[in-house]
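Dear colleague,

I am handing over the structure we spoke about, and below it you will find my notes on what turned up. Please read them alongside the coordinates.

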Amino acid sequence: MSEQGIANFISGTILDGRQVTPSDELLMSGLLDSLAVMTLVAHLETELQVEIPADKITFENFSSVQNVMSLLKTL
């Protein structure tokens, strides 16, 4: 999955069409809340057939699409 693929999922599923870029601040800006992060985690785990450990679901790892991609590269 690419940065754009993650951004598209967030835009289309979580934000009802509001566009985000890979570098947009997702949490501090209020675009995503904890429920939205868990929706994204579930999507990533299903689509990529990976498990994201609970200790990796952090503010820093989900603060932008770029950070999510960095996390996924470590799994």
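The crossing in which H1 passes H2 is right-handed, and, as with everything that follows, this is read from a predicted model. The two axes, that of H1 (residues 3-14) and that of H2 (residues 34-48), come within 11 Å and cross at roughly 125°, which makes H1 oblique to H2. On the H1 side the residues that meet H2 are Ile6, Phe9, Ile10 and Ile14, and their partners in H2 are Ala36, Thr39, Leu40, His43 and Leu44. Sorted by class, this contact of H1 with H2 comprises 7 nonpolar and 2 polar residues, with no charged residues.

Two loop positions also deserve a note. Asn61 lies in the loop between H2 and helix H3 (65-74), and because its relative accessibility is 18%, under the 20% limit, Asn61 counts as buried. The side chain of Asn61 reaches the backbone oxygen of Lys56 at 2.7 Å, and, once neighbours within four places in sequence are left aside, the residues in contact with Asn61 are Lys56, Asn67, Val68 and Leu71.

Ser23, for its part, is found in the loop between H1 and H2. Although Ser23 and Val65 are 42 residues apart along the chain, their C-alpha atoms are separated by 6.4 Å, and Ser23 touches Ser64 and Gln66, not counting residues up to four places away in sequence.

Terms used
Residues numbered from 1 in each chain as written. Predicted model: local features only at pLDDT ≥ 70, side-chain atom pairs only at ≥ 80, totals over all residues. Heavy atoms only, no water. Axes fitted to C-alpha atoms, helices over the stretch in contact; angles between N-to-C directions. Helix = DSSP H or I, 4+ residues; strand = E, 2+ residues; numbered from the N terminus. Parallel < 35°, antiparallel > 145°, perpendicular 65-115°, else oblique. Left-handed = near helix turned anticlockwise from the far one by under 90°. Contact = heavy atoms within 4.5 Å. Nonpolar A, V, L, I, M, F, W, Y, C, P; charged D, E, K, R; others polar. Buried < 20%, exposed > 50% of the residue type's maximum accessible area, 1.4 Å probe, protein only. Polar contact = N/O pair within 3.5 Å; in protein donor to acceptor, adjacent residues only side chain to side chain.
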